Amino acid sequence: MLISDIMRTTLIKVRPEAPIGNVLIWYGGMAHVFRNTYVVDHCDRLLGVVTIHTFLSVIVPPTVTARAKAGELDGREELLDALRQNMGTLSDTPVGTLMDADYPFAHPEDLFVMANELIVEKGINALPVIDPNGVLVGEITRRMILHFLVQNL
């Protein structure tokens, strides 16, 4: 079974100059579960990947976590205020500054077991799928592979 037979083609794609704040607003309004934001150029060629883990690490920085653990942020509102202040400072930052340009990828004509191997080896949830020209054409996730296996074994 090829990756192209399992992958999804509905993805979050943004340009590198898109403000982080705007991307996060999109996440808040989505009904589907997306784990990666794909940073692409004007021709949809993959430039890099921003994972939810990366977004969480900048939204909830270690400094805020340390202050909360130390009891300096007492209560829900103080914690949310600290997080809002942090968000305000990074909201206009281009998402391209967060992207991982060395993120692994697969090709649509690869066997799905090759994607599975990369996903397991790298400890990631989803893998971008690009064509021979580097154009982002889809994504394959651990859940998609598991669903395929359960349906067919």
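Among contacts in the protein between residues at least 6 apart in sequence, where a contact means heavy atoms within 4.5 Å, 62% join residues at least 24 apart. This is a predicted model, in which local features need pLDDT of at least 70 and side-chain atom pairs count only at pLDDT 80 or more, while totals for chains, interfaces and linings use all residues. Residues are numbered from 1 along each chain as its sequence is written, and side-chain values use heavy atoms, with hydrogens and water left out.

**Fold and dimensions**
- The protein holds 6 helices and 5 strands, these being DSSP runs (helices H or I, at least four residues; strands E, at least two) numbered from the N terminus.
- Their order along the sequence is β-α-β-β-α-α-α-α-β-β-α.
- The C-alpha trace spans about 55 × 35 × 25 Å along its principal axes.

**Surface and charge**
- Of the 153 residues, 40% count as buried, that is, under 20% relative accessible area, with exposed meaning over 50% and partly exposed in between (1.4 Å probe, protein chains only).
- The 12 positive charges (Lys and Arg) and 18 negative charges (Asp and Glu), counted without His and the chain ends and placed at NZ of Lys, CZ of Arg, CG of Asp or CD of Glu, have mean positions 5 Å apart.

**Asn-22**
- Asn-22 lies in helix 1 (residues 20-28) and is partly exposed, with a relative accessible area of 38%.
- From C-alpha to C-alpha, Asn-22 and Lys-69 are 29 Å apart in space, and they are 47 residues apart in sequence.
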